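Please read this briefing alongside the sequence and the model.

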Amino acid sequence: MLRLTQADLNNLNHNFEERTPQELIQWAQATFGDRVCTISAMQESGNVVCHMISQLKLSIPVLFVDTGVMFQETLDTRDRLAKEYGLTVHTLQPELTMEQQTEKSGVLYLSPEGQAECCRMRKVEPLQVVAGQYDGIISSLRRADGGQRANNPILAIDKKMNTIRVNPLANYSDEQLQQYIQTHSVITNPLHKQGFATIGCNRCTTPVMEGEPKRAGRWRHLGPWSMYCGINPTDSTGPIQEYIEVTQDLRDRILGIETDFMI
Ligand code: SF4
């Protein structure tokens with residue numbers, strides 16, 4: 001196995017800035033074949049990616065982490081996407097129900113330390129169950145969301161999953177996103193129209209007021225300490241993850257060394 005670092009992806013990331021989201025999704029499918037999926041929390045950006053995959057008629061499955069305390073509107077959005085866009089959705093769930101977890105560990109999400117633990121058990125660990133199945137995971141992080149995502153690369157190393165995260169919407173503006181949603185009547189989570197800028201678990205998400213940052217409704221009860229759940233490696237404020245391990249063939253495919261697929 002060879003090591004692939006974030007620095008190895010610099011040239012590709014530079015060139016990919018000029019590519020459309022659809023071209024980047026096609027690159028991911030051509031590069032990773034049947035070892036690529038997309039992950040969606042059933043929010044606007046994820047739904048746009050799902051719509052693009054459907055329009056491109058690609059057989060890329062969708063991963064959805066159901067923490068067991070999602071809003072019903074989110075679950076309904078998942079079901080609509082699967083049915084109306086013809087997508088295969090794999091729902092991943094934590095080992096314990098929230099009731100079992102609470103009985104064992106108490107109400108974790110009421111403290112910053114507990115939130116980190118709860119998110120680890122209910123979001124990060126369910127995803128890690130499929131580690132090794134995918135060489136590429138298409139996510140929908142956008143720099144326009146600000147915060148830790150303001151400098152998010154299109155291709156990012158994910159050491160925990162030993163995969164490449166592909167963010168085809170990284171440089172998509174808010175205006176472009178809304179334009180796409182309107183033009184294509186993309187299925188959206190109805191909670192967005194009820195003031196929810198971003199949507200997570202029902203225990204930890206509220207609407208936001210005008211003028212507030214988009215993520216102000218996440219873990220509002222914890223103040224400014226908890227901004228992310230840890231499921232996206234680039235949301236981390238820690239040191240950049242160094243490398244993933246890949247075969248020579250996969251490394252060549254990613255870096256375009258032995259492929260005739262050009263975008
Ligand atoms: S968002 Fe809240 S309820 Fe959901 S996993 Fe994280 S801490 Fe737990």
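Two residues are taken to be in contact if their C-beta atoms, placed from the backbone, lie within 7 Å. On that basis, residues 24 or more positions apart account for 75% of the contacts in the protein with a separation of 6 or more. This is a predicted model, in which local features need pLDDT of at least 70 and side-chain atom pairs count only at pLDDT 80 or more, while totals for chains, interfaces and linings use all residues. Residues are numbered from 1 along each chain as its sequence is written.

**Overall fold**
- The protein has eight helices and eight strands, where helices (H or I, at least four residues) and strands (E, at least two) are DSSP runs numbered from the N terminus.
- Its radius of gyration, taken over C-alpha atoms, is 18 Å, close to the 18 Å that the globule rule (2.2 Å times the number of residues to the power 0.38) gives for 263 residues, so the protein is as compact as a globular protein of that length.
- Along its principal axes, the C-alpha trace of the protein spans about 55 × 40 × 35 Å.
- Buried residues, meaning those with 20 or more other C-beta atoms within 10 Å of their own, C-beta atoms being placed from the backbone, make up 38% of the 263 residues.

**The six-stranded sheet**
- Six strands form an open sheet in the order E4-E3-E2-E5-E7-E6, with mixed pairing, two strands being paired if DSSP finds at least two bridges between them.
- Strand E4 (89–92) and strand E6 (155–158) are the edge strands, each of which pairs on one side only.
- Strand E2 (residues 36–39) pairs with strand E3 (residues 62–65) in the parallel sense over two bridges, and Ile 39 stands opposite Leu 63 in E3.

**Helix H7**
- Zero of the 10 residues of helix H7 (residues 174–183) are buried, so this helix lies largely in the open.
- H7 is followed by Ser 185, whose phi is positive, near 45°.

- Cys 119 is found in helix H6 (residues 112–128) and is buried, with 23 other C-beta atoms within 10 Å.
- Not counting residues up to four places away in sequence, Cys 119 touches Val 124, Cys 229 and Gly 230.
- The ligand is surrounded by 13 residues, the closest being Tyr 109, Cys 118, Cys 119, Cys 201 and Cys 204; a residue counts as near if its C-beta atom, placed from the backbone, lies within 6 Å of the molecule.

How values were computed: Buried ≥ 20, exposed ≤ 12 C-beta atoms within 10 Å, placed from the backbone.
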